[in-house]
Amino acid sequence: MNNYKQIRLRKGKDESLRRFHPWVFSGAIQSMDEGIEEGDVVRVVTFSGDFIAVGHYQQGSIAVRVLTFSDVLIDDDFWSSRFRSALQMRLDIGIADNQQNNTYRLVHGEGDHLPGLIVDVYGKTAVMQAHSIGMHLCRKQIAKALADVMGSRIANIYYKSETTLPFMTADDMSGFLVGGSEDNIATENGLKFRVDWLRGQKTGFFVDQRENRSLLEHYAHGKRVLNMFCYTGGFSFYAMRGGAELVHSVDSSAKAIELTKENVELNFPGDARHQAFCEDAFKYLESVGQSSALTYNLIILDPPAFAKHRGALHNALKGYTRLNQKAFEKIESGGILFTFSCSQVVTKDHFRNAVFTAAALAKRKVRILHQLHQPADHPINIYHPEGEYLKGLVLYVE
């Protein structure tokens, strides 16, 4: 038994924890020991005082993120054990130690029993991101354990949490915790790309679309491709390797367009098939077929999250419907649409209904070719279905 301060649950509020759900909501708490501060490791007990979990406390709706359902210390051995388990799974599924692919997610929060922590590996650099104050406060201990477990696989650990924590401090929110490197070129399925872990979104690249980009490559031969919300151009350079006739990348961020051009040049120097446009997505789609005769027969819609909380769900679904309707109206007959939602609060049914509504409004015949989701290195804890955040459809449009 450890000596952590305790949080006692209300009567009957331990049922989800007994089913191993890794969150304790604030409304489930009966009482707390004095002196508990945000980020502290706490011991959670039932109303009758029986142990049930150990986790990080934080103010807000999710009050405790459970680290373990065993009554143990959160020490160096704990972190090392969790990282060894995460690495072993990536080795078993063939993602880690792959010469054609040195880019993968090593730790995926609740999916790897480490809620509040993300670790992505880009070559010799691991980018670590905290989504809870507890993980932020443990960052140096975590980095040490991570370096020990990964050994020669990595030489650097970069910490990037200034945009993910619910509070702002001036110090220690980003920077190298281990090593230091300016080499930011990584490889995914044999293609090279630059990772902007300093200023980029997430940890610098969207690792979760790797398999979906590969699928797009399969369909790209001879196609005129439009990659909306291109960010750093991942779908674009996969389409080019797949033999696309032309590829147009669109994003409202000038920085994203700059990175897209750099990534295309890394893989296809001087290739005239690619053009990039810094423009609003809806305005660009509206202009398709008007300012010129150019149309597209393969379109990718991979927007940022339209809903980050349940209160935004209604407007988000309207946004997905509007965006997909516009794509349905513009895509050529016989074209293929890859469309995605990365909003966790938008379920598969929500998203499909929004896309189906869009198809009906556009009066197009549409068939589902594939239903897409996050890859295996972004695992879903079977006791935490909320972890299934990425939804996608590949559609054939007549």
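**View 1. Arg105 and Asp120, a buried pair.** Both Arg105 and Asp120 are buried, where buried means under 20% relative accessible area, exposed over 50% and partly exposed in between (1.4 Å probe, protein chains only). Arg105 makes a salt bridge to Asp120, with 2.6 Å between the closest N and O atoms; the term covers a side-chain nitrogen of Lys or Arg within 4 Å of a carboxyl oxygen of Asp or Glu. The two residues sit 15 residues apart, Arg105 in strand β7 (residues 103–108) and Asp120 in strand β8 (residues 117–122), so the pair links distant parts of the chain. Helices (H or I, at least four residues) and strands (E, at least two) are DSSP runs, numbered from the N terminus. A quick note on what you're looking at: this is a predicted model, in which local features need pLDDT of at least 70 and side-chain atom pairs count only at pLDDT 80 or more, while totals for chains, interfaces and linings use all residues. Residues are numbered from 1 along each chain as its sequence is written, and side-chain values use heavy atoms, with hydrogens and water left out.

**View 2. The sheet around β7 and β8.** Here's an open sheet of five strands, in the order β7-β8-β9-β10-β11, with mixed pairing. Since β7 and β11 (174–178) are the edge strands with a single partner strand each, one side of each has no neighbour in the sheet. Neighbouring strands are turned by 25° against each other on average, direction ignored; the axes behind that angle are lines fitted to C-alpha atoms, and angles run from 0 to 180 degrees between N-to-C directions. β7 and β8 run antiparallel and are joined by five bridges, and strands count as paired if DSSP finds at least two bridges between them. Look for His108, which stands opposite Ile118 in β8.

View 3. Strand β15 (residues 246–251) and strand β16 (residues 274–278) run parallel, with five bridges between them. The chain gets from β15 to β16 through helix α7 (residues 254–267), and this β-α-β crossover is right-handed: with the strands pointing away from the viewer, the path from the first strand over the helix to the second runs clockwise. In the strand pair, Ser249 stands opposite Ala276 in β16.

View 4. The structure holds 18 salt bridges, and two of them are picked out here. Glu262 meets Arg194 at 3.4 Å, N to O; Glu262 is in helix α7 and Arg194 in strand β13 (residues 191–194), so this pair ties together parts 68 residues apart in sequence. Glu262 counts as partly exposed at 29% relative accessibility, and so does Arg194 at 27%. The other one joins Glu398 to Arg367, with the closest N and O atoms 2.5 Å apart. Glu398 lies in the segment after β20 (391–397) and Arg367 in strand β19 (residues 366–373), so parts 31 residues apart in sequence are tied together. Glu398 is partly exposed at 35% relative accessibility, as is Arg367 at 48%.

**View 5. Helix α6, mostly covered.** In helix α6 (residues 234–241), seven of the eight residues are buried. Among them are Phe235, Phe237, Tyr238 and Met240. Gly243 follows α6, with a positive phi near 95°.

**View 6. Cysteines without a disulfide.** The structure holds zero disulfides, a disulfide being a pair of cysteine sulfur atoms within 2.5 Å. For Cys278, the closest cysteine sulfur is in Cys230, 9.1 Å away and so too far for a bond. Cys278 counts as partly exposed at 45% relative accessibility, whereas Cys138 counts as buried at 12%.
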